[in-house]
Amino acid sequence: MSLLIRDSSWIVTQNKSRDVLRDMSVYVEDGRISEIGKRISRDADQVLNAKNMILLPGLVNTHTHVPMVLFRGYADDMPLQEWLSERIWRLEPNVTPEACYWGAMLGCLEMIASGTTTFNDMYFFVEDVARAVEASGIRAVLSAVILEVSEDPRLQRQNAIRVLDFLKGMRNPLIGSAIAPHAVYSCSEETLLWAKKRADEERLLVHTHVAETKKEQADFEKKRGVSVVRYMDEIGFLGSNVVGAHCVWLSADEMKRLGRSGTKVAHCPVSNMKLAVGAAAPLPEMAENKVCVGLGTDGAASNNTLDMFETMKFCALLHKHSRWDPTVLPAQHVLDLGTIEGARALGLEKDVGSVEIGKAADLILVDTRSPNLMPIHGKDTVISDLVYSANGANVDTTIVNGRILMKGREPVIVKPTAIFDNVKRVMEDLL
C-alpha cells in the first residue's frame, strides 16, 4: 500500500537538524516514509491533500493507564493518597476485563483524535487492552502492573509472564511488551530484581513509578536509609531499558545516577499539578545530567484528558512559572519531549518520533485553518504555535504505520458510537 501526503504547508521534521520544510510532500510505501520532496509525481493508492496543514510526527505518550479513562472525573480535587485509597483502589477491584477493553477503546480513540500515535501503558487485564489497541490501529508498549500490596507476589509474576507470552503470540509489530513493577514502595526487592533480570534477558522495557511525592521519598528514606533512586541504583535496578514515571522529588545525586545509568524519565506535568505533588520535576538539571526525558499524560483519572498537546503546553508553562524564567524549556525543547525524545525513552527512536526517510509513517496533520492557529508568522514560529497555541482538536488526520486512523476529524477504523454506548454500559455496572 502507498500513500501520498501532498503539498503540506509545513513539515516539522524533528530530524537531527530540526528542519522545518515549506510546501513539501511525503510519500509512504508499506508503512514507511520513502520520499520527501517538493514535487512527487508518483501514483499512490491513497492521496491526502495537506494544503494549510502542518505535518509532524505523531506524539508519544510515555506514561499512562489507558483504561482509567473510565474514572475520568470520578475522583477530582483530592490529595493523592486519599485519591488512591478512598476512590481509585476501592473501585479498581470491581473492574472487569470487558470494562478494560472498552476503556482502552475509548482511550485509544481519544489519543487518535488528539494526535498521539504511540503510548506506554501499565494496567490490569492487559490481554483485553491489547485487543483494543489492535482494533484501533495505534502503536503501544503494554505491561501488566505488578502491585504486591494487593496479591501474592508469585501470582503477580506469573501473570506478568502470561501477559508477555500473550503479547508475543499476537505477532503485532505495533504492540510491544514491558515489565511493570509498580514502584519500589509497592514491590519487594526480590520482585524488582526479577523484573529487571527478565527485561534484560528479553530486551524489554521496565516501566515503573519513581519519587512522585515528597512523602513517598521521605517514607522510603526512613524505612531503607537511602533515597529511592540511590536504592534502585545500589540493587542494580537502574538501566537504559528502565522508564521511571514522574521523578519529581530527586536530589542532585539521584539525577547523576539516572544520567550515568541511562535510565529514562516520563514527565507527567498535568497529573503532578492536579494531584499537587508539591514541586516540578527538575527537568533542567536532568538535561544537564543527560537524562532522556519524554512526556506522559498519566491516566485520565489524574489528568482528565489524554491530550498530549495540552501536556506539552503545561510542561512549558509549569517550568517557566516555577523557575521564574520565561526562557527555560523553550518550545522546541518541549516538542522534542513530546516526539523524538519520547520515542527514545521507549527505545523506538529508530522507527518513530521524526519525519525522515526510512522511518515508520506515524504522522499527524494539524489544520491551521482554526482561529487559535492564525496567523502563523513564518518558519520561526511554527514550533511555538504547535506548543503554545494548538490543542488536540486541531488534529485533522492521524496516521500510524502508513494506515489512516482519522481523516477530516472522522475516525476511520473505530466506531465512536459503539464505544460510547459500551463505556456507558460498563460504567453503570461498575458503579
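Modeller: Helices and strands here are DSSP runs numbered from the N terminus, a strand needing at least two residues. The model is predicted.

Colleague: In which strand is S177 found?
Modeller: The stretch to look at is residues 175-181. S177 falls within that run, which is strand β9.

Colleague: Is S177 buried or exposed?
Modeller: Leaving aside neighbours within four places in sequence, S177 is in contact with V141, L142, L164, L167, L204 and L205. Buried means under 20% relative accessible area. S177 has 15%, so the residue is buried.

Colleague: Which backbone oxygen does the side chain of T208 reach?
Modeller: T208 is found in strand β10, residues 205-210. With a relative accessible area of 1%, T208 is buried. Not counting residues up to four places away in sequence, the residues T208 touches include M122, P181, H182 and F237. The side chain reaches, at 2.7 Å, the backbone oxygen of P181.

Colleague: How many of the residues of helix α3 are buried?
Modeller: Helix α3 covers residues 126-136. Its buried residues are V126, E127, D128, V129, A130, A132, V133 and S136. They pack against α2, β7, β8, α4, β9 and β16.

Colleague: Which residue with a positive phi follows α3?
Modeller: The phi in question is near 90°. The residue that follows α3 with this value is G137.

Colleague: Where does R171 lie, and is R171 buried or exposed?
Modeller: R171 lies in the loop between α4, residues 153-170, and β9. Its phi is near 50°, a positive value in a residue other than glycine. The cut-off for exposed is over 50% relative accessible area. R171 has 75%, so the residue is exposed.

Colleague: What is the phi of K290?
Modeller: K290 is found in the loop between α10, residues 283-288, and β13, residues 293-295. At a relative accessible area of 72%, K290 is exposed. K290 is a residue other than glycine with a positive phi, near 60°.

Colleague: Which backbone oxygen lies 3.0 Å from a polar atom of the side chain of W249?
Modeller: W249 has its place in the loop between β11, residues 242-246, and α8, residues 252-261. At 24% relative accessibility, W249 counts as partly exposed. Beyond four places in sequence, W249 touches residues including A211, E212, V277 and G278. The oxygen 3.0 Å from the side-chain polar atom is the backbone oxygen of V277.

Colleague: What separates the C-alpha atoms of W249 and E216?
Modeller: Along the chain, W249 and E216 are 33 residues apart.

Colleague: What should helix α11 span, and how far apart are its end C-alpha atoms?
Modeller: Helix α11 has 16 residues, 308-323. The expected span is 1.5 Å times one less than the number of residues, so the helix should span 22 Å. The model agrees, with the end C-alpha atoms apart by 22 Å.

Colleague: Which residue has a side-chain oxygen within 2.8 Å of the backbone nitrogen of F309?
Modeller: The contact is at the start of α11. F309 is among the buried residues of that helix, as are M308, M312 and C315. The side-chain oxygen belongs to D307.

Colleague: How do α11 and α12 cross?
Modeller: Their axes come within 10 Å and cross at roughly 140°. That makes α11 oblique to α12. M308, M312, C315 and A316 in α11 meet V334, L335, L337 and G338 in α12. The crossing is right-handed.

Colleague: Which residue takes a positive phi just after α11?
Modeller: The value is about 55°. The residue just after α11 is W324.

Colleague: Which residues does the cis peptide bond join?
Modeller: P375 lies in the loop between β14, residues 363-367, and α14, residues 382-389. Omega of the bond is about -5°. The cis peptide bond joins M374 and P375.

Colleague: Is S370 buried or exposed?
Modeller: S370 lies in the loop between β14 and α14. Its C-alpha atom is 10 Å from that of S389, 19 residues apart along the chain. The relative accessible area of S370 is 13%, under the 20% cut-off, so S370 is buried.

Note on methods
Residues numbered from 1 in each chain as written. Predicted model: local features only at pLDDT ≥ 70, side-chain atom pairs only at ≥ 80, totals over all residues. Heavy atoms only, no water. Helix = DSSP H or I, 4+ residues; strand = E, 2+ residues; numbered from the N terminus. Buried < 20%, exposed > 50% of the residue type's maximum accessible area, 1.4 Å probe, protein only. Polar contact = N/O pair within 3.5 Å; in protein donor to acceptor, adjacent residues only side chain to side chain. Axes fitted to C-alpha atoms, helices over the stretch in contact; angles between N-to-C directions. Parallel < 35°, antiparallel > 145°, perpendicular 65-115°, else oblique. Left-handed = near helix turned anticlockwise from the far one by under 90°. Contact = heavy atoms within 4.5 Å.
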